[in-house]
Amino acid sequence: MTLLTFQTDAQVQPLSGTGAPWARCNDLPELTSTVPREYVHRSSVAEVFLTGYRRIGDDLFLLNGQWPRAHTFFTTADGTSHDPVQAGETIRQAGLLLCHAEYGVPLGHNALLWNLGFKADPEQLFIGTRPTDLELIASCRDFAWKGNRFSGFLEVSIRRDGRVAATGTAFFSFVPPAVYRRLRGECTSSATAPVVRATPVPAVEAGRLLPIDVVLAPSGEPDRWLLSPHLSHPILFEHANDHHPAMVLVEAARQAAYSTFAGDSFTVTGIESSFLNYAELDAPCWIEAEVVPASDPSVRSVQVIGRQGDVKVFEALVSGTVPAAAGAGPVTLSPVTYPAEVTTVPVAAAPLAVAPVAVPALAAL
């Protein structure tokens with residue numbers, strides 16, 4: 001919905017029965033709307049989680065956002081909290097917005113995501129009695145053009161009611177449409193027939209409420225699944241793609257971790273992902289999980305790898321906790337406090353290895 005306002009000198013009439021004057025639109029406080037959906041590569045306005053931004057320093061920005069109380073996908077199975085992966089999606093949107101709106105990347109360029117990592121505090125993800133308003137501090141490092149390619153590393157801290165709810169990092173690059181077509185070749189053809197979706201694992205096993213949200217199918221082997229999302233899913237495939245989007249791979253890692261620790265009432269708190277090759281729609285992609293030993297009994301971690309044939313598509317380290325009864329404590333994120341103008345930003349997320357931008361095989365958004 002778009003609200004148009006017009007300056008007028010018409011007399012303000014009293015509000016009938018109260019004596020109070022009518023308020024013209026121009027007299028109201030600053031109104032809120034989402035940022036343009038095109039800037040965050042979304043087709044639906046409902047899937048845009050950012051509402052504005054302003055520059056507060058050299059390559060430093062304060063963004064505003066909002067998570068709805070009832071999202072069809074980014075809500076925990078019990079309906080009480082925002083899903084931690086929503087923090088990852090919000091970081092992804094912040095990077096896209098700033099690249100287009102502040103650094104001059106044309107909207108027609110194709111965005112490529114090399115790395116995405118985030119860590120969330122479950123205690124700050126509860127769904128309250130109103131939508132969750134957010135403030136994000138985004139630090140843009142090495143955002144620059146090299147020829148016709150643009151790339152940059154993003155660090156983000158997400159704050160809710162003055163407390164850090166999540167932190168994260170991402171590494172993007174952008175290429176012109178002609179370069180993208182050369183990278184993808186025949187894979188951009190609509191004639192490519194995707195693999196038929198297999199029967200998914202039970203939703204409860206994957207940490208989901210609805211079968212349509214499950215992206216994994218059984219393989220017949222322990223800790224191994226077939227990537228098999230619903231290709232018409234309104235969130236995961238919110239717009240047309242010629243491959244499995246990066247956020248589908250992140251969700252696959254998340255669900256693999258839940259399946260691995262299904263008996264422990266596992267809760268994801270962070271995911272660090274690296275995208276190495278395109279996950280093609282027309283070939284089986286196998287998701288493999290291996291538990292990573294941890295000295296803290298309250299922590300659970302699993303290394304997830306996606307493969308198509310002999311090619312590693314992506315890898316992710318998924319971390320989380322088990323209930324307090326089993327010894328888990330709250331997730332601790334470094335506090336972030338800042339005045340109206342900020343010069344430095346501490347970001348708690350662990351640094352991610354940055355892939356060299358010369359490699360043409362990546363996961364696109």
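These legends accompany several close-up views of a predicted model.

**View 1. Strand S6 and its two partner strands.** Welcome to strand S6, which covers residues 163–175. Most of this strand is covered, with 12 of its 13 residues buried. On one side, look for strand S3, residues 110–120, which pairs with S6 in the antiparallel sense over 10 bridges. A handy landmark for this pairing is Ala-111, which stands opposite Phe-174 in S6. Strand S5, residues 149–160, is also joined to S6, here by 11 bridges, and these two strands run antiparallel as well.

**View 2. The hairpin turn at Asp-161.** Here we zoom in on the hairpin formed by S5 and S6, which has two residues between the strands. Asp-161 sits in the loop between S5 and S6. Its phi is near 50°, a positive value in a residue other than glycine. Is Asp-161 buried or exposed? Asp-161 is exposed, with a relative accessible area of 58%.

View 3. Now move to the loop between S7 and S8, where Asp-223 lies. Phi of Asp-223 is near 60°, again a positive value in a residue that is not glycine. Asp-223 has 38% relative accessibility, so this residue counts as partly exposed.

View 4. Searching the whole structure turns up 14 aromatic pairs. One of them joins Tyr-53 and Phe-61: the ring centres are 6.2 Å apart and the planes meet at 65°, so this pair is edge-to-face. Phe-61 is buried, with a relative accessible area of 0%, whereas Tyr-53 counts as partly exposed at 27%. Which residues do ring pairs link into a cluster? Tyr-53, Phe-61, Tyr-103, Phe-143, Trp-145, Phe-150, Phe-172 and Phe-174 are the members.

**View 5. Tyr-180 meets Tyr-278.** This view shows an edge-to-face aromatic pair made by Tyr-180 and Tyr-278, with 6.4 Å from centre to centre and 80° between the planes. Tyr-180 belongs to helix H2, while Tyr-278 is found in the loop between strand S9 (267–275) and strand S10 (286–292), so the pair ties together parts that are 98 residues apart in sequence. Tyr-180 is buried at 8% relative accessible area, and Tyr-278 is buried at 7%.

**View 6. A nonpolar patch on the surface.** Leu-209, Leu-210 and Ile-212 make a nonpolar surface patch of about 270 Å². Leu-209 lies in the loop between helix H2 (177–184) and strand S7 (216–218). With 58% relative accessibility, Leu-209 counts as exposed.

**View 7. The surroundings of Pro-229.** Our last stop is Pro-229, in the loop between strand S8 (224–227) and helix H3 (246–260). Pro-229 is buried, with a relative accessible area of 4%. Which residues does Pro-229 contact, leaving aside its neighbours within four places in sequence? The partners are Arg-197, Val-214, Val-215, Phe-237, His-244 and Val-248. Pro-211 is 18 residues from Pro-229 in sequence, and the two are 9.9 Å apart in space, C-alpha to C-alpha.

Note on methods:
Residues are numbered from 1 along each chain as its sequence is written. This is a predicted model: local features need pLDDT of at least 70, side-chain atom pairs count only at pLDDT 80 or more; totals for chains, interfaces and linings use all residues. Side-chain values use heavy atoms; hydrogens and water are left out. Buried means under 20% relative accessible area, exposed over 50%, partly exposed in between (1.4 Å probe, protein chains only). Helices (H or I, at least four residues) and strands (E, at least two) are DSSP runs, numbered from the N terminus. Two strands pair if DSSP finds at least two bridges between them. Patches are made of residues with over 30% relative accessible area and no salt bridge: like charges are joined within 9 Å, nonpolar side chains (Val, Leu, Ile, Met, Phe, Trp, Tyr) within 5 Å. Accessible areas come from the Shrake-Rupley method with a 1.4 Å probe; for residues, only the protein chains shown count as cover. A salt bridge is a side-chain nitrogen of Lys or Arg within 4 Å of a carboxyl oxygen of Asp or Glu. Contact means heavy atoms within 4.5 Å. Rings of Phe, Tyr and Trp (its six-membered ring) pair if their centres lie within 6.5 Å; planes under 30 degrees apart count as stacked, over 60 as edge-to-face and the rest as tilted.
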